[in-house]
Amino acid sequence: MSEQRVAVVTGGARGIGAATAARLARDGRAVAVCDLDQTACEEVAAELVAQGHRALGVGCDVSDAAAVEAAVARVSAELGAPTIVVNNAGIIRDNLLFKMSVEDWDSVMAVHLRGAFLMTKACQGAMVEAKFGRVVCLSSTSAQGNRGQANYSAAKAGLQGFVKTLAIELGRYGVTANAVAPGFIATDMTKATAARIGVSFEDFLTHAAKEIPVGRVGYPEDIAAAIGYLTSDEAGFVSGQVLYVAGGPKD
Ligand code: NAP
């Protein structure tokens, strides 16, 4: 049997990240669940271990370079060198441009863009050495523009450029890099949006489903399935792509 590959999933303590951690574990990967809160990471990892998988919870702020280095060192020591990276950690700080503070802009850039850069950079040596790597960044349909999300849209579009460049630079080492761009997914993030605009989550979901061709909102497992494919060994010829997973067509 070939050596078990090790995956890092950032923002893995809940939502799309937790579903992805579970999916990759079922796909036979050892999984490091990285998130801000160490205890929350440990809980998700413990559940995976209880199901018979290898997993580790690692508290880490992805926007902190030293913390990311330390997290990757710990993952390498306890699970093995990570060659699969899912840059999923994310925050929203929505506001119309004229009300958006510099802090709202900077914090969104720090988690999505700087975080993806730091985590990928910290793992790329292991990928090049293994002559295998899979990088998936979570983009969004908001990359195409979304009212109240100048910061988030710019970050999510930036991640598309990031993976395309990684695909060009690292392809020769067997490393692919792709973005998954979800549409509306029922998670705490969309729950927070409903609260901000003052509608119940249930009404928000019902309204969103009406706008989606498949007639329902997405769930974290829908995104995890796409990530499972893009991180699979057999997806080695798919690189630099943006896969919209939105229940309907997007450009
Ligand atoms: P979520 O439920 O809010 O989960 C995001 C996770 O990221 C949380 O566990 C959060 O930790 C963690 N996180 C935030 N800042 C971090 C940092 N600096 N370092 C490490 N972890 C950090 O979000 P989600 O809906 O699952 O979204 C996951 C990804 O998909 C995000 O990149 C998001 O932008 C993207 N996406 C989501 C949707 C959607 O409809 N939900 C659509 C398109 C794209 P705390 O809980 O401690 O804050």
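Helices here are DSSP runs of H or I with at least four residues, and strands are E runs of at least two, numbered from the N terminus. You're looking at a predicted model, where local features need pLDDT of at least 70, side-chain atom pairs count only at pLDDT 80 or more, and totals for chains, interfaces and linings use all residues. Residues are numbered from 1 along each chain as its sequence is written, and side-chain values use heavy atoms, with hydrogens and water left out.

Colour them by class, taking Ala, Val, Leu, Ile, Met, Phe, Trp, Tyr, Cys and Pro as nonpolar, Asp, Glu, Lys and Arg as charged, and the others, Gly among them, as polar.

**Stop two: polar contacts.** Look for N or O pairs within 3.5 Å. In the side chain of Thr187, an N or O atom sits 2.5 Å from a ligand oxygen. How much of the ligand does the protein bury? It covers 90% of the 910 Å² that the ligand exposes alone (Shrake-Rupley, 1.4 Å probe).

**Stop three: α3 against α4.** Select α3 (residues 65–78) along with α4: their axes, lines fitted to C-alpha atoms over the stretch in contact, come within 9 Å and cross at roughly 40° (N-to-C directions, scale 0 to 180 degrees). For the contact (heavy atoms within 4.5 Å), show Ala65, Val68, Glu69 and Val72 of α3 with Arg114, Leu118, Met119, Ala122 and Cys123 of α4. Seven of these residues are nonpolar, none polar and two charged.

Conventions. A polar contact is a pair of N or O atoms within 3.5 Å; within protein, one must be able to donate a hydrogen and the other to accept it, and residues adjacent in sequence count only if both atoms are side-chain atoms.
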